[in-house]
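This report takes the chains and their helix packing in turn. Keep the sequence and the coordinates at hand while reading.

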Amino acid sequence: MKLSERSARVTDEKKWIQLALDGDQVAFGQLVTAYQTPVYNLAYRMLGNAGEAEEAAQETFLRVYLHLHSYDSQRPFRSWLLSIASHYCIDRLRRRRIVYLPLEDEIAAPVRMVGDSPNPEAVLVRREQEEWVQRLLVSLPPIDRAAITLRYWYDYSYEEIAEGLGLTVSAVKSRLYRARRLLAKVVQRE
Amino acid sequence: MIRCEQTGEMMSARLDGRLDSTEIALLEEHLAACSVCRAEWRGLQALDRVLASAQTVRAPVRLRVQIMARLSRREQARCAIIGGMALALGTVALALLVLSPIFVGLLDVMGIAPVLISGGLETVTHLLALLGALGRALLVMVETFAVPLACLGLFGLMITLALNGLWIGTVRHLRVGVPGD
């Protein structure tokens with residue numbers, strides 16, 4: 001996205017937020033359109049299946065709508081939104097008693113990727129790679145999974161990850177290293 | 001020269017561009033001398049390439065519609081509850097207004113109203129007497145007017161429920177449509 005486009009987007013976003021605070025659901029709908037993919041992707045990477053990711057994304061936006069009055073406009077809206085999504089997903093993972101994937105997800109209900117190629121063979125190869133990445137992520141504890149997701153998919157700095165997850169920068173550094181070491185061992189075995 | 005225990009987090013930080021030139025030099029000096037750490041560094045680099053190439057999963061088309069429908073339902077429920085409470089309170093207020101002449105009449109009949117109006121220290125004694133008298137009067141009323149009072153209460157409840165249903169129907173009819181995709 002060009003700098004001018006990014007500036008225009010931020011201005012529009014401030015307008016939408018203000019209108020949504022006044023009760024304009026159409027304006028809130030614009031925010032949903034703008035951020036549904038980042039929120040869904042985070043939820044999918046955290047929870048590991050499409051059904052739960054949809055539920056988590058819905059719940060995240062509902063919480064954002066209900067608590068929009070508490071949003072600090074000094075902070076980027078995206079950061080605040082993804083922080084809510086991260087915390088919800090971490091809580092959900094912690095409440096899970098048994099880790100399982102529903103049968104329909106084991107058959108791999110297709111998920112759409114940003115930048116999917118029209119070439120079917122390339123799509124299949126890419127899907128297999130993505131499933132492998134997802135299996136790697138699922139082997140991590142919730143907070144480490146969140147830290148890795150925010151680092152690689154959202155290019156968050158250590159400070160942004162720390163703020164989003166309620167950790168110190170030192171803890172983020174330690175968790176990223178621990179997660180990477182664990183995943184690297186899995187990659188080496190395979 | 002740094003030790004092996006220190007290199008782990010340094011290697012991870014190097015992947016994130018968090019090391020300065022001095023730290024990078026120290027790390028590279030160690031990696032040149034330690035095959036174990038060198039193997040770990042290669043493993044971390046391989047993992048970094050895999051994760052960096054992973055794509056973003058796109059949200060399903062129906063997600064936005066689901067979210068907006070859920071918000072709309074929530075707003076409708078909130079309006080119905082507020083409207084229902086307002087109607088209920090209004091009905092109670094109306095009922096009290098209708099019955100107020102009866103209560104005022106009761107006070108007059110018992111000669112309490114003139115005493116209250118004149119005031120003075122006797123008022124306290126009379127207020128206590130009033131409470132007693134009211135209690136007795138209520139018992140008499142209940143005994144005499146039990147059936148009519150019950151009918152009035154039931155009628156009021158039916159009116160409240162009917163008006164509440166009308167209110168919910170009006171809110172649903174006037175609600176703003178959910179924007180489509």
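The model is predicted.

Start with A:Asp155. This residue sits in the loop between H7 and H8 of chain A. Is A:Asp155 buried or exposed? A:Asp155 has 8 other C-beta atoms within 10 Å, so it is exposed. The backbone deserves a look too. Phi of A:Asp155 is near 55°, a positive value in a residue other than glycine.

**Helix H7(A)**

H7 of chain A covers residues 142-153, 12 residues in total. From first C-alpha to last, H7(A) reaches 16 Å, close to the 16 Å expected at 1.5 Å a residue.

Which residues of H7(A) are buried? They are A:Asp144, A:Arg145, A:Ala146, A:Ala147, A:Ile148, A:Thr149, A:Leu150 and A:Arg151.

The partners come from several parts of chain A. The buried residues of H7(A) pack against H2 (25-47), H4 (77-95), H6 (120-138), H8 (158-165) and H9 (169-189).

Two packed helices are described by the angle between their axes and the distance between the axes.

| Helix pair | Axis angle | Axis distance | Handedness of crossing |
|---|---|---|---|
| H2(A) and H7(A) | roughly 140° | within 10 Å | right-handed |
| H2(A) and H4(A) | about 25° | 10 Å | right-handed |

Take H7(A) as the partner. The axes of H2(A) and H7(A) cross at roughly 140°. That angle makes H2(A) oblique to H7(A). From H2(A), the contact uses A:Asn41, A:Leu42, A:Arg45 and A:Met46. From H7(A), it uses A:Arg145, A:Ala146, A:Thr149 and A:Trp153. By class, this contact has four nonpolar, two polar and two charged residues.

Now take H4(A). How are H2(A) and H4(A) oriented to each other? They pack at an angle of about 25°, and are therefore roughly parallel. H2(A) brings A:Tyr35, A:Pro38, A:Val39, A:Leu42, A:Ala43, A:Met46 and A:Leu47 to the contact. H4(A) answers with A:Arg78, A:Leu81, A:Leu82, A:Ala85, A:Ser86, A:Cys89, A:Arg92 and A:Leu93. The class count is 12 nonpolar, one polar and two charged residues.

A:Leu42 and A:Met46 of H2(A) take part in the contact with H7(A) and in the contact with H4(A).

**Chain B and its side towards chain A**

Chain B has six helices and one strand. Along the sequence, the pattern reads α-α-α-β-α-α-α. Of its 181 residues, 11% count as buried. Among contacts in chain B between residues at least 6 apart in sequence, 63% join residues at least 24 apart.

How many residues of chain B are in contact with chain A? There are 28, and they meet 36 residues of chain A. Four elements of chain B each supply at least two residues to this side: H1 (4-15), H3 (35-52), S1 (57-58) and H4 (62-109). The side of chain B that touches chain A divides into 17 nonpolar, six polar and five charged residues.

Conventions. Residues are numbered from 1 along each chain as its sequence is written. Chains are lettered from A and ligands numbered from 1 in the order in which they are written. This is a predicted model: local features need pLDDT of at least 70, side-chain atom pairs count only at pLDDT 80 or more; totals for chains, interfaces and linings use all residues. A residue is buried if 20 or more other C-beta atoms lie within 10 Å of its own, exposed if 12 or fewer, and partly exposed in between; C-beta atoms are placed from the backbone. Two residues are in contact if their C-beta atoms, placed from the backbone, lie within 7 Å. Ala, Val, Leu, Ile, Met, Phe, Trp, Tyr, Cys and Pro count as nonpolar, Asp, Glu, Lys and Arg as charged, and the others, Gly among them, as polar. The expected span of a helix is 1.5 Å times one less than its number of residues. Axes are lines fitted to C-alpha atoms, for helices over the stretch in contact, and angles run from 0 to 180 degrees between N-to-C directions. Angles under 35 degrees count as roughly parallel, over 145 as roughly antiparallel, 65 to 115 as roughly perpendicular and the rest as oblique. A crossing is left-handed if the near helix is turned anticlockwise from the far one by less than a right angle, and right-handed if clockwise.
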